[in-house]
Amino acid sequence: MKLIICEKPSLALNVAKAIGKPEKKNGYFIVNDYIVTVAFGHLFELKDVEDYLGEKPKWKDIKLPFIPSEFEFQLKNDSGVKKQFKIIQEIIKKNRVEETINCGDADREGQIIIDTIIDQLNYTGKVTRLWLPEQTKETIIKELQARKDNKNYSSLANEGYARTYIDWLLGINYTTYSTVKKGTLLKVGRVVTPIVDFIHERDIEIKNFKSQKYIQLVSENENLKLELKEKFSPEDKKSENKKNKLNSSEAIVTEIKKDSAKKAPKKLFSLSKLQSELSKSHKISFENSLAAIQGLYEKQLVTYPRTNTEYLAENEIEKVEEIIKNYPKINLKVKKKKSIFDDSKIESHSALIMTNKKIDGVNLNETECIVYNAILNRFISNFLDEETIISKTTLKIKVGEEIFELKGEVIEQEGFLKYEPQKITDNLPKLKEGDKFKVNFKEIKKETTPPQKINESSLAAFLKNPFRTEKTTEDEEYKAILEGLEIGTEATRTGTISKCIKQDYISRKGQIFSIEPNGEILIDTLKKLDIDLFKTRNIEFSRKLKQVYKNKISLEALVDEISQEISKTVSNVVVIDKIENKANKEIIGICPRCGKNVYQGKTKTDKINYYCEGYKEECKFTLWEETKHYKNPIKITKTKAKALLKNKGTGTAKFMIGKIEKKLKIKLNGQWINFQEVK
């Protein structure tokens with residue numbers, strides 16, 4: 001028998017169905033001579049500090065730097081995880097497994113998720129890799145027949161382990177160091193830091209921005225607007241003199257130039273470009289769009305989504321030809337152009353496109369429909385065998401010594417704009433060369449505007465290439481990607497942004513981000529402690545990881561280098577102001593047990609609670625945000641916690657119990673905290 005270990009249940013089901021008619025068992029499928037089982041993500045995690053020490057230390061008692069002599073993984077403390085790993089162990093034990101197949105997602109994270117499971121199984125047989133760029137039956141069968149020795153992916157695995165070990169070292173050591181020094185929990189992360197800092201810096205720019213007033217000269221009538229580019233200070237008389245001089249002259253049309261030009265469509269989608277487009281055009285958050293894109297991938301409708309390129313591989317021409325056959329009513333044709341097919345701009349995965357699977361009969365939600373149509377229309381735009389032609393008119397008007405240039409566009413041939421409409425405007429007046437007319441320039445008071453807040457698209461662009469400027473060419477941008485000059489990856493950025501919000505470092509309103517007080521404290525503390533996880537240093541980390549992948553530096557050498565850097569940083573003698581918790585923390589209410597203040601807190605696993613400050617004197621009163629009334633889950637928000645704790649814990653708050661709204665109050669039952677319904 002051959003054992004296939006898939007990363008997710010949906011993938012396991014697709015693989016099993018592609019092979020044949022699967023027989024469902026508890027935690028796996030049997031199909032032909034294959035057993036297909038599942039990991040549903042990470043079954044194992046790196047041990048925490050307390051696991052190495054054998055006890056749970058206080059933050060201040062952790063001796064830094066904390067660098068284990070060897071990184072050790074452990075099974076997650078989750079009943080479902082333990083059950084599934086036992087199932088996989090039993091499969092190995094009870095069956096003659098001649099080959100185990102790693103079918104993790106087609107990236108470095110998916111590689112090590114399954115590699116770690118195989119290592120923990122102590123399996124010594126043959127191990128191969130099933131690499132799936134999409135989940136259609138045809139691709140699964142094709143790639144299953146072409147699977148390679150798993151050792152061929154050792155460089156990818158090393159990069160994955162390097163990222164995991166480095167993030168653990170940086171997170172554990174700098175979180176502990178910052179928390180102890182500042183006196184409040186500060187979770188420090190390699191990718192978290194530049195995200196928070198980028199938003200923080202922009203908000204500081206906006207806060208410190210001082211508007212400058214100026215004057216511009218504008219002549220405007222019903223169908224013509226002439227605006228002098230020169231800006232004048234409101235205090236001097238130059239603007240008035242210039243205005244009078246212009247108005248004493250007559251405008252004359254000196255040149256009308258018309259050109260027709262072919263308009264090229266936008267390139268195919270990378271993940272971040274697709275998410276940015278959906279955010280801009282449909283107001284779909286990155287979090288929601290990622291869920292929809294992943295759903296389409298699992299339904300076999302799109303290719304592997306976590307890609308950072310907008311190009312297809314040169315060997316995918318035949319694949320595109322097959323996809324085109326699904327759209328006989330649209331005039332599509334494969335265009336063998338470098339602007340579409342270019343191996344030099346692909347790291348491991350091609351641009352995100354549809355698969356050959358037809359959408360008919362597939363159940364999609366509203367967001368998935370929007371996303372699929374965006375991918376489809378971008379594909380059609382690139383392979384449509386119709387030219388898009390735009391007529392461009394340039395109008396030059398001379399007033400005195402000044403030349404004003406006006407431009408307009410008209411669609412001559414629609415082409416791809418039928419599928420991806422763009423705003424094409426032509427507001428030019430009907431004038432001929434030599435036409436003359438009067439002008440009436442006026443002084444218009446204006447003022448400079450502050451920089452825009454960071455939104456999802458600008459944040460994604462920053463993370464993809466932090467040093468990109470308007471002058472950066474596309475070749476330079478892709479060279480940077482291939483060298484690892486990016487912060488985080490397409491696969492992890494959305495989750496990391498959500499983590500920043502959850503940790504109260506930043507907030508999001510619609511597509512707009514703002515810094516929060518905790519984020520300001522984080523950045524200020526890191527700078528004072530000389531903990532450099534900012535943009536430039538982050539790029540160095542990413543570049544080093546790529547060097548591990550390219551075998552230019554060993555995993556061990558990189559871990560040792562980072563360990564030495566951490567050791568140097570935490571050994572510095574730095575004194576900073578601590579946060580006095582009582583003075584800065586909001587009092588939620590009064591403890592009904594001991595009468596002391598109740599504050600809002602958060603555990604290491606981000607679970608929110610409302611705890612009594614008398615915990616050091618053994619008062620165990622705690623309300624958890626996520627709790628239950630009998631078997632019904634309820635959520636105690638800060639507002640509801642305040643309501644419950646009114647009048648020494650005799651207050652009430654309304655909760656949805658099932659589908660019924662009920663009023664509850666706290667009921668102390670010995671050491672337990674229960675709730676009582678109030679009519």
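A residue counts as buried when its relative accessible area is under 20%. This cut-off is applied here to a predicted model.

Aromatic pairs number 17 in the structure. One of them joins Phe44 and Phe85 in an edge-to-face arrangement, with 5.0 Å from centre to centre and 90° between the planes. This pair links distant parts of the chain. Phe44 belongs to strand E5 and Phe85 to helix H3, 41 residues apart. Tyr311 and Tyr478 form another pair; the ring centres are 5.4 Å apart and the planes lie at 80°, so this pair is edge-to-face. Tyr311 sits in the loop between helices H10 and H11, while Tyr478 is in helix H14, so the pair ties together parts 167 residues apart in sequence.

An aromatic cluster is formed by Tyr52, Phe66, Phe71, Phe73, Tyr161, Tyr165 and Trp168. Charged side chains also meet rings. The charged end of Arg129 sits over the ring of Tyr153, at 5.7 Å from its centre. Lys546 lies over the face of Tyr549, 5.7 Å from the ring centre.

Thr175 is part of helix H6, which spans residues 154–182. Its relative accessible area is 10%, so Thr175 is buried. A polar atom of the Thr175 side chain lies 2.6 Å from the backbone oxygen of Gly171. The side chain of Thr175 also reaches the backbone nitrogen of Val188, at 2.9 Å. Beyond its neighbours within four places in sequence, Thr175 contacts Trp59, Leu170, Leu186, Lys187 and Val188.

Note on methods
Residues are numbered from 1 along each chain as its sequence is written. This is a predicted model: local features need pLDDT of at least 70, side-chain atom pairs count only at pLDDT 80 or more; totals for chains, interfaces and linings use all residues. Side-chain values use heavy atoms; hydrogens and water are left out. Helices (H or I, at least four residues) and strands (E, at least two) are DSSP runs, numbered from the N terminus. Buried means under 20% relative accessible area, exposed over 50%, partly exposed in between (1.4 Å probe, protein chains only). A polar contact is a pair of N or O atoms within 3.5 Å; within protein, one must be able to donate a hydrogen and the other to accept it, and residues adjacent in sequence count only if both atoms are side-chain atoms. Contact means heavy atoms within 4.5 Å. Rings of Phe, Tyr and Trp (its six-membered ring) pair if their centres lie within 6.5 Å; planes under 30 degrees apart count as stacked, over 60 as edge-to-face and the rest as tilted. A charge sits over a ring if NZ of Lys or CZ of Arg is within 6 Å of the ring centre and within 35 degrees of the ring normal.
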